[in-house]
Amino acid sequence: MQLALLGSDADTLAIARAVNRSPAHALIGVYQPPAQLAELRALLPPGGEWTDDWESLLHDDRIDAVIVGASDADAPRDDQLRKLVQSAKPLLVTHPACEAIIAFELDMIRQDTRSVLIPYRPWRWHPALMRLVESVAMGQAPAIGRLEQVTLDREMEDRHPRSVLNQLVRDAGVLHPLLGRIERVSAMGGDHGRQLTNLTVTLSGQDGRIARWTVHPAPAGSRARLTGIGTAGSCGLEMPQELQRWKSIDGVDDAERWDHWDPALAAITALERAIETDVDDPSWLEATRELEVVDGVEQSLRRGRTIELLDQRPQEEGTFKGVMA
């Protein structure tokens, strides 16, 4: 595939490096890069596009797909994403990329244009998490019995409110396959939601399982610990910042290592497969549900009560009425 990069951040830089390592793919354009300029220039071959004119992406038939970086708080990518999805340009998008209502709107456009829209969520695809989820679902973790609750303790160096909520979006993707569809959220912590340095969130899943997510200071670097608690014991994952260093604890394959797993290359492969097969990929709607969790947390902090998340896929008329209201 011939790929272009819109914006730049740590995730999209990792994907650009993976493209450079693969003989099957090439980076042929970089558009509006705010950071990592020197390395991106080195990754771009001679003759590649380097420009702020991102709208040229809409009509460039040489580009098979676009990798979209995170938006800046002062310059969201909402309009860019709308136009790219309307043009049916296949996209691999850093998650979270926008607010839930925009993500639902993009999903409606995606259904009309039948375009490929995949969120970059390497934590959700991690083999260690998938193995844990499978073992719980198939009853292959008899040491813990029947799974009843999950805890995820997140240590963060940057506990600015926006950073905390963005991390919660990503961690909701870790919790979702263990809980099933998340139906209710309840949040406590901080100064009426303005400071989230001690945010605690309780999530209720459709199967009656409960998860507790808590943010803590990070004296030794950002990391997390996921624990599944069953009727007879517990198991889980240690989740350092470096995905290859994740490992199982007290349960499945304690000795397993993931040094050779390349999340960026796995994402490119998933993008290529989605383009070739033209199968409706559910990952964007899943990621949108994770954004909805954060909306529920913000409402819970404001109202001081549990918020129910409705299991429905908004349609254009309903979304318009909701925006107008």
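Let's start in the sheet: β8 and β9 run antiparallel, joined by six bridges. M188 sits opposite T200 in β9. Before going on, a word on the source. This is a predicted model, where local features need pLDDT of at least 70, side-chain atom pairs count only at pLDDT 80 or more, and totals for chains, interfaces and linings use all residues. Residues are numbered from 1 along each chain as its sequence is written, and side-chain values use heavy atoms, with hydrogens and water left out.

Some terms. Helices (H or I, at least four residues) and strands (E, at least two) are DSSP runs, numbered from the N terminus. Two strands pair if DSSP finds at least two bridges between them.

Now the whole sheet. Eight strands form an open sheet with mixed pairing, in the order β13-β12-β11-β7-β10-β9-β8-β14. β13 (247-249) and β14 (307-308) are the edges; each has a single partner strand, so one side of each lacks a neighbour in the sheet.

β12, residues 234-240, runs antiparallel to β13, with three bridges. G236 faces I249 there. R184 stands opposite E308 in β14.

Next, what lies on the sheet? Helix α6 packs there, touching β7, β8, β9, β10, β11 and β12 (contact means heavy atoms within 4.5 Å). Its direction makes about 155 degrees with that of β7. Angles run from 0 to 180 degrees between N-to-C directions, and axes are lines fitted to C-alpha atoms, for helices over the stretch in contact. Helix α8, residues 283-303, lies across β8, β9 and β14, at about 45 degrees to β8.

Buried or exposed? L175 is buried, at 1% relative accessible area. The cut-offs: buried is under 20%, exposed over 50%, partly exposed in between, with a 1.4 Å probe and protein chains only. Beyond neighbours within four places in sequence, L175 contacts V150, L152, L203, A211 and L226. L175 and L226 are 51 residues apart along the chain, yet their C-alpha atoms are separated by 8.8 Å.

Last, a helix pair. α3 (78-86) and α4 (100-113) pack at about 15 degrees, axes 9 Å apart. That makes α3 roughly parallel to α4 (under 35 degrees; over 145 is roughly antiparallel, 65 to 115 roughly perpendicular, the rest oblique). From α3, the contact uses D78, L81, R82, V85 and Q86. From α4, I102, E105, L106, I109, R110 and T113 take part.
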